[in-house]
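Here's a quick tour of one structure, put together for someone new to reading models. Have a look at it first, and then we'll go through it topic by topic.

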Amino acid sequence: MSHYEAPIREPLILGDKSYHDITEDIAKPIEGKANKNWYMAFYISLAAMLWGFGCIFYTVGTGIGVWGLSKNIGWAWDITNFVWWVGIGHAGTLISAVLLLFRQKWRMAINRSAEAMTIFAVFQAGLFPIIHMGRPWNAFWVLPIPNQFGSLWVNFNSPLLWDVFAISTYLSVSLVFWWTGLLPDFAMIRDRAVKPFQKKIYSLLSFGWSGRAKDWQRFEEVSLVLAGLATPLVLSVHTIVSMDFATSINPGWHSTIFPPYFVAGAIFSGFAMVQTLLGIMRKVTNMEEYITRLHVEYMNIVIILTGGIVAVAYATEFFIAWYTGSPYEYYTYLSVGAATGPYAWAFYSLLLFNIAIPQLLWFKKIRRSFIASFIISIAINIGMWFERFDIIAIVLSKGHLPSTWWRFEPTFVDVGIFIGTIGFFFVLFLLYARTFPVIAQAEVKTILKSSGEFYKKRSEQGIPTKPAIVVLDVEKRSDKSDKNDTE
Amino acid sequence: MASDKKYWKSVEELTNSSFVETLSKNEFVQEIATDTFLGDKETLANSSTSRRDFLKYVGFTTAAATLAACEGPVKKSIPYVVKPNDIIAGVADWYATSMADGYDFANILVKTREGRPIQIMPNKDANGTTSARVQAAVLSLYDEKLRLKNPTKAGEKISWIDADKEIGAALNKLKEANTPVVLLTGTLASPSTERIIQEFIVAYPNVTHVIYDAISESAAADAMLAMYGKRALPKYHLDKASVIVSFGADFLGDFHGGFEKQYVAGRKPETGSMSYHVQFESNMSLTGANADKRIVAKPSDQIFALINLFNAITGSNVPSQATPVDAQVKQMAAALKKAGSKGVVMTGINEKNAQLVALAINNALNSEIIDVNNTLNIRQGNEADVNQLIKDMNAGKVGGLLTYNVNPLYSLPNATEFANGLKKVSLTVALSTENNETVNTSNYVLPTSHFLESWGDTQFDEMTYGLMQPTIQPLFSTRQLQDTLLGWSGNTTKYYEYLKGFASTTILNGSSWNTALHNGFFTREITTATIASENSVTDAAIQLSNITKKASGFELQLYTKTGLGDGKQANNPWLQEFPDPITRASWDNYLTMSIADAKQLGFTNPVKDNGAIDGDYAKVSVNGKEVIVPVMIQPGQAKGSVGLSLGFGRTFGFKEEMQVGVNAYPLYVNANNIQFGVTIEKVSGTHQFACTQVQKTIAGRHDILKVASLKEYKSVDPKDHHHGWNKPSYVSYDHKEVEANTIDLWDEHNRELGHHFNLSIDLTSCTGCGACVVACHAENNVPVVGKREVRVGRDMHWLRIDRYYSSEVETREDAKELGLSRAEMYEGLETEAENPEVTFQPMMCQHCNHAPCETVCPVAATTHGRQGQNQMTYNRCVGTRYCANNCPYRVRRFNWFNYANNNEFDFNMNNEYGKMVLNPDVVVRSRGVMEKCSMCIQMTQATILKAKKEGRAVNTDEFETACSSACTTGALVFGDVNNRQDKVTALAKDKRAYNVLDYLQTKPNVIYQVKIKNTNEA
């Protein structure tokens, strides 16, 4: 399955790796014992998660009044967090689906974790529309279920209903796609497992993957089909989320630019989150040789691109707010009104974190620096949270009638739930890092010969890369082969 | 002793039949088939209960026991065993009666459901009006916390018979010793009660009757006495006025009980002429806010201005002082002279000489507006008598004090003197509806019935004789004052019989008692005309001038708030939650201070991050008396003056959450609402206000609230694109500028079938009094949320009245002319002027035909009705709040918590008595659902059903909502636009009609009428 790659391209796998080395590297976090750092991170996340759950129970038990909302500001942190998490979830699909269709091989090292992140982020996102309801126990009413309440049916005009469909579709397609990719890797773990219980679990998870050629053929086909299905979702989900705002009549929300701008923003924030997570993960799970500077640089390039789109959108919004000449548009979240009003700090935070700081990535040195990328990615995460907060809180704080102008201040419950979702997210991610193959090893192995550092060097030295079938032969004969390794 | 008597149960037993013996030995006639079940030992031995079966049994029995132990909530509802003839369950009964609590007087209609009064509306046949306080009085009936429930002696329960016996004995003893006894009441304005008191005095000649009003207008009454020989308040027929000049008279508030109905009647632009109203005042009052021209003048300047006006009109030469408003006074003198008998001058300064001067000016003008014949009896209090009483008590001269519904220990400035005197009085009897400080210190406490439980009569003005009838059985063991006094006088007649006899013989003039009782009033004729005495008031003016010249320091103007008045109903949560029409602060009183003074003294009102407003505290000292109050910076407050409202700060017997504000009565020295020589000092601490509106100006968005002058109204085309005063919004469509309402995204429904409701709101007629707000509270079971929640912007009012101040920079064009930058322009638009014009805008659900809320609800909980309403289905609502966010009018209210049956919200919906006021036609909403104005759909449906049952079409103007029927001035008009005769049909097409935010094309069913001000005259 190997292909030709120009020797001038940087390698995607560092070091002198054999197929078995890859297997070993990826199975190690699962088979080995967790270190102190993992436990520390896990317990902190767990504590945050439990705190968040406590806040959720308190909210559901007492009423939404425990949040900082008011008659004039009906949404604030709840929907901010929702959109933020959905946005974060965007990178996964883009990496696994769109980049697959574009045959971008560098995605192979990161797609598994990016997709895991997507799914975990969508879990968090999905929490908010439910708990932000005044009566969450009736949340199932938003589903078009035939019912005995009479002729009651959902309102297909409502963007919130579109959200329900968009998010649930997105979650299910992402989950299936992710799992499909996981099948050969689970099978690999299963085959290596020595404990019977572990073996049983992984054989359940691997859906009886046998590694036959037919399996591989179907695997490839399903991957391609799912990639085709998932690609429109990259555009649709955040388009629909943006319509929660764009179809409303609030100045600052009612804006036709929202769908593309939200999609770009989502990818922007999604890649930033991948950057953040992988920055940690490559260190913790010793994946430095698979997640390389090149990967980081590629992701940074996507960030500059989408960040640029976002910046242009901001400028457009600012211009339009002025250009309409409408007194109602003066206080939109990107306007002189916002820059001089009580939320100026949020306005400038947005500009700083989302526009100013990402510009540093134009410098190759910064773009290729792990530390700098990590810090910038955190800044973007903060900035993108502010973007949603600004859109929601600033716009709602300056309604049509000046008598309804108000302000929002979060309560400890608002903060607690947000922190709780971060904790929940990391709990899931840390468990994932210990039990799932964090890198799609089956896929990575396909590029070892073409993009591995060792093989690249060999071809530079003029040693010809042998055809794939022969490579397999060579590997079977190699001393490094292991009986447990079926690949 | 042994007995051989034999007891027998049947003849057979007696005759000793053997059959009975057999039976008695055999308890069970038939053998129980135990053998069938247990006889077969073998099967029994072989049968086994498996562990699985055992668990099943245990599980089943446990589950059954658990279920049996769960007790469902028991709701006690007791059906009528014998249905009363006049009550049909589900159908409201209305009674015409009167309210008279000593401060608020009104001819009212009371709605009762299943024997419970649930709403008060004006008796329009009697020209009755209801203020917010009158509307809310129905809730005070159910004040479980404060109402007295049975007679007590020194805190111990006592029976009525014993109490009467003991008090009677004590009174007789005092009578024999000829020791004075004083009956202290508020203004009763009740002819029959006055007669009963006279008879009581005949029986006990040592008794004197002293009338004490907490808020005094005795200066005006004394001035009338001096000038017209009649101690009463004049009436003002402002509907006939062409020029009204007021010096601090809050006649749309509590001045002489208010004249808003007459005032607005004289301000109808469609008649082509409006009265011209100029208000000289220091505090921003409701009246000043509605004036065509409001001239800021601190109290001393008002007095000098009044004297200057007097000089200018009468040609006298009373020594006075120049004031900053002399130019305006000169103008007004000219205007008044021109208006002649159509002009009127009023003053709210509670100083006899000032009132005399005003009367003299009116006399000089020969004013037809002031009515000294049909005078008002609603303020009869006499400070001189009260002060004499305190002196006598302290001298030990008073042997007995009977108080009736007054609370001098709270409302007297010299309450401690009164308390000291009270200790020297041997017999103190409190006849009171509610518990208070004075009741607490009395030996005997005799609970009196609430006016909704009482018989009675009233005489608010000379012509209108009102009757009061009970609308509910007394809730507690209470007795009316009249019955008590009749009993003590030795008269065995019940007060009802007495009243009937009294009214029939002396008032009704042969008319039917039943008709009068049904109508609630009877119109009397006045035959005698009152003539002014020839005495000159020049001396009075000179005296006034000399006293005022001594004024120094800050000048304090004490006033009453629209919500609380004199504080009688301070424990009424509806009124506490009711936002002040001017400051829009609820649950508080505060020192109002001008912007300039606040800057100088360092007072601020910062807006906190949660949207709420904070304030600093000030120590206010007057004549050695001090109170510490929070400061609210008030645009339009005269520099050098401060304002403070009375009626707050009551604590005795109040729950903690109801103990709000500061008692300002200690500063109400000599019952004078103006106090000179006030010092103000900033003290530490931060006060948390609860305001329902933070932004003060309209920020240049003049299409929300349109104002035009009378001249423009008469001469300019309203739709004129450039100069019109009621321009529609224009939008670009196909690159052409077109009127916004000509294009539509949606298919229009056919709205000509059935009823289609519209509500018209005339901004010219709306004075902002807020009666509609409380009416809506009562009709729709709107919850009270308390200060903490109002502060963070969670008041639940379905109907609110937005108040906007004008700014120095009013429009973007102004800003361009001034050459302001964009940021400066917006700052200018957002900052209120130092002396702003004020506009009010009632705002409730606009019932948009293209409602933005309807499209965004995921579960279709808010939908459009066939009759034009935007309907809210509470039990379908999941509470996403998207509808509220997408409502450009922000009128939707979310139930953040459970407001009923929740100890965190311990107001009327958390106790069994308070819940009796709930309207059974409207559901009490649970937490997590959205609610809003329903256009009183329960009322419109009831009207439709009534017409249907009677087999007729709905009559013209028969449809009403709570707000429209409560509106005193007729600003709110509700009706069916598919009925061509309905008033609202014409109003919907009026040239003043417009929709708020029409550029959004929401097509509301609520129509506003442009506010017309008479600013061009004078």
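A crossing of two helices is left-handed if the near helix is turned anticlockwise from the far one by less than a right angle, and right-handed if clockwise. Keep in mind that this is a predicted model, where local features need pLDDT of at least 70, side-chain atom pairs count only at pLDDT 80 or more, and totals for chains, interfaces and linings use all residues. Residues are numbered from 1 along each chain as its sequence is written, while chains are lettered from A and ligands numbered from 1 in the order in which they are written. Helices (H or I, at least four residues) and strands (E, at least two) are DSSP runs, numbered from the N terminus.

**Helix pairs in chain A**

- Two packed helices are described by the angle between their axes and the distance between the axes.
- Axes are lines fitted to C-alpha atoms, for helices over the stretch in contact, and angles run from 0 to 180 degrees between N-to-C directions.
- Helix H12 (residues 344-356) of chain A packs against helix H14 (residues 370-397) of chain A at about 145°, with the axes 8 Å apart, and their crossing is left-handed.
- Helix H3 (residues 77-88) of chain A meets helix H5 (residues 111-131) of chain A at an angle of about 155°, with axes 8 Å apart.
- That makes H3(A) and H5(A) roughly antiparallel (angles under 35 degrees count as roughly parallel, over 145 as roughly antiparallel, 65 to 115 as roughly perpendicular and the rest as oblique).
- H3(A) passes H5(A) in a left-handed crossing, too.

- After H26(B) comes Asn781(B), which has a positive phi, near 50°.

**A sheet in chain B**

- Four strands form an open sheet with mixed pairing, in the order S40-S33-S42-S41 (chain B); two strands pair if DSSP finds at least two bridges between them.
- At the edges sit strand S40 (972-976) and strand S41 (993-994) of chain B, each pairing on one side only.
- S41(B) runs antiparallel to strand S42 (residues 1006-1009) of chain B, and 2 bridges join them.
- Across from Tyr994(B) you'll find Tyr1008(B) in S42(B).
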